[in-house]
Amino acid sequence: MGLALVAGLALVTGCTAEPAPVPPRDRGVPAGGFQLVAFDSCPEALRQLKTAARAYVGPWGFGPSGDIRTFGRAEQAEAPAAAGRADAAAKAAAPGYSGTNTHEAGADEPDLVKTDGKRIVTVSRGKLYVVDPATRRLTGELELAPGADGYGGGEDALLLHGDRALVLRRDGWAGMAKPAVPEGGAPADAPMPDSIVGPQLIMVDLSGAPKIIGEYRIDGSLVDARQVGTTVRVVVRSAPRLNFPYRERATDGQRTTANREIIDNATADDWLPRYEVTSGGRTSAGRIGCERVSRPAAYSGTSLVTVLSFDLGAATLGAGDPVTVIADGDTVYSNGPRLYVANDQRWRVLPMLTARNIAPDPKDETTEIYQFDTTGAGAPRYVATASVPGWLINQYAMSEWDGHLRVATTSGRTWGDKPNSTSGVYVLRADGTALTQVGKVTGLGKGERIYAVRFVGGTGYVVTFRQTDPLYTVDLRDPKAPKVSGELKINGYSAYLHPAGDGRLLGVGQEASDRGRVQGTQLSLFDVADPAKPTRIAQYHVKQGHSEAEFDPHAFLYWPAERLVVVPLTVHGTGAVSKPGSPGLPSNVALALRVGDGGFTDVGTVDHMLGTRRGEDPAPIRRSLVVDGVLWTVSDAGVKATSLSTMKTLGWLRTA
C-alpha cells in the first residue's frame, strides 16, 4: 500500500515514468547514538530549520516528487513468553473478560473496541456505542462528529479507564506537507489555510449517558498511542505548513529556487504544530514553543515528532505537555516505563530503487530509534537514541528485556530475480544518551524478508519468507552473544506470532505452494519447548481466506482460560476449511478454534448476517472479546453475543 500511495502521488504531481534520482538522505543517527540538543532561541531554531529544509526541497516540494517525504507509513494498513508472560496476561484478564491484544501487558493500545467487564465501548463511523454485557443492551450512543458522513479520514480508535474514554480520530489530510498546487489556486477539497488539520482527541464521560467533556486537535498525523494507568502518551508526526505552487512554464531549477524562497520567507508558525483545546464550551489555541523542540545531530527539517501526555483522571485534556523532536517516526513500542519511537524511512527510498531494480545503499537502510522514560505522569524524558541497519516490520520487531532493547530488521533488496536481502537481530543497551549495540546475530533468511517477530524473555522468534517459511529461534540470554538456536522450514508463513503457554506458539498467516504462491489463511501451532528443535504440530487451513489478524494483531483473540483462538476471516469464492466433510464458510465470519496438546479443534463460526439484505454478504467481523463466558464479536453493522459453550446466538445489537 505504501508503494502504491507514493506512486499515486508521483502521478498527481506530474512525474514521468523516468525514475527520479534518489535524493540525498538525512543520515540520521550516528551508530553510537547522540544527545538531543535544545535550541537556544526561537530565531535560532527557525534559522536551523530553514537551512536544513532548503537542502531537501526540490522542484516538486520536499522529496523527489513533491510532499511524499512527509507521507508516512503510518497510513498503511502498518510476539511467548515464555509461559510466564502468557500466564501473566491470563491473570490480567482473570476478572472474566479479555482486553485488547497488546504487545506488552500493562501498556494498553488504542483500538476500535474496549471493555472493562462492566461495559463494552466501541467506535464506528464517527459514533461511539456503549453496551451492557450483563443485560446485552445498547445503553449509550454518541455522535462524535456531528454533520460528518462517518466515512471520512482514518479509522477511529479509543482507550478506556473507569468512566472515561479517550477517542482518537484521524484526519485525511493529516501529516502531509501541502502538495504542489496550480498557481493561484488550491485543491477544491483542501482545508482552510488557517485551520488545524490533524488528529482529534475526544474525552467522553461514561458515568451516565455518554457525553463529550473535552477535545484536543493538533497539526499533523496520528502515529500511535499507549496508556499506562490513567496516563496516555500520544505520538504525532507533523510537517511544515508550506505551499509549493507548481509553475508549469518554469524549469526544474527555477522551481527549486522558488521553493527555497518560500522556505526563506517562512515563520516559526509555519513549522511548529498548533493545537486547540476545548473544554466547558470554550476553545483556547496555542502552538508548541521552541523551548520544547530538540534536534538530533543530523536532521532534514521536513518533519517533527511530538509526544503528548494526557491524564484520563483529570477534568480536562489540557495542552498535552508536548515534547518535540525534529525527526520522523512511524513505529511506536512501549513496555510501560519506556516508550520508543522508530523511523526507517524505507517507504521514501524504496520506490525509486524498485523502479531501477537496484539494491539500496546500506547508508539509506537505517532505522533510527528514540527512547523516552515514561515512568512518571508528566512529560516523557528523552533518554537515548540509536541507529540499526535495515527496517522494521512493525512494533513487534522491538522488545525490551532485562535493560536491553532487541530489534529485528531486514536489509537489502527483497524484489527482483536475485534478491540479496538478509535479516538480523540487534541487541542495544542504554549507555548515557546512547543506545549502544552490545550484540547481534545476522544472516537470517537470505533473499527473504521478515514477516513476523515475537520476543519472549530471553528468546526471539523470527519468521522470514519468500517461498518457504523459516521460523528461527534466537537465543538472547547472553546479550553480548546472541545466536540462532533452531530453525524450522515449512511452506507458507506466519504474519503474527502469539504465546500459548507450555512451550507452545501460535501463528496466523498464509499457506503457500512450493513456489511461494499464497493459498489462504492458515493457523499454525508450534512446539518451541526445545528452542533447538522447533516443530509445527498442527495446521488449520482455510482456502482462499484472509484474516485481518494477519496484519493487525488487535484482531486476534486468545482466551487462555479455555485455550480458545478467535480470528476474523474473509473467504473468497468457494473457499472451505481444509478438513474432510467440512462445509464451506460464509464470506465473512469469526472462526473459533480450541488449542489442544495435539492440535486444533473446531468450536464454530460466528457471522453478522442479521440485518443484511438478501444477496448481501455479512459485515466483516473486526474484533472478538470474551466477557463472563460470552463471546462478543464486533463489526461495522453491530455487536453480537454468542455462547461459548454452545456457540448459539444470545443477542444482536445493530449499530449501523
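Asp478 counts as partly exposed because its relative accessibility is 41%, a value that lies between the 20% below which a residue is called buried and the 50% above which a residue is called exposed. The model in which this value was computed is a predicted one. Asp478 sits in the loop that runs between strand S29 (468-475) and strand S30 (483-491). Although Asp478 and Val438 are 40 residues apart along the chain, their C-alpha atoms are separated by 9.9 Å.

One of the residue pairs found here is Val427 with its bridge partner Gly439 in S26. S25 and S26 form a hairpin with two residues between the strands, and in this hairpin Gly432 takes a positive phi near 70°. Strand S25 (residues 422-431) also pairs with strand S24 (residues 404-411), again in the antiparallel sense and over eight bridges. In that pairing, His404 has Arg429 in S25 as its bridge partner.

Which residues have a positive phi of about 45° or about 50° although they are not glycines? They are Asp321, with about 45°, and Arg563, with about 50°. Asp321 is found in the loop between strand S17 (304-311) and strand S18 (323-325), while the place of Arg563 is in the loop between strand S36 (557-559) and strand S37 (564-571). Asp321 counts as partly exposed because its relative accessibility is 31%, and Arg563 is likewise called partly exposed because its relative accessible area is 23%.

| Residue | Relative accessibility | Class |
|---|---|---|
| Asp321 | 31% | partly exposed |
| Arg563 | 23% | partly exposed |
| Asp478 | 41% | partly exposed |

Which residue of S42 does Trp632 stand opposite? The residue opposite Trp632 is Ala641 in S42. As a general point, side chains in a regular strand alternate between the two faces of the sheet.

Methods:
Residues numbered from 1 in each chain as written. Predicted model: local features only at pLDDT ≥ 70, side-chain atom pairs only at ≥ 80, totals over all residues. Heavy atoms only, no water. Pairing = 2+ DSSP bridges. Helix = DSSP H or I, 4+ residues; strand = E, 2+ residues; numbered from the N terminus. Buried < 20%, exposed > 50% of the residue type's maximum accessible area, 1.4 Å probe, protein only.
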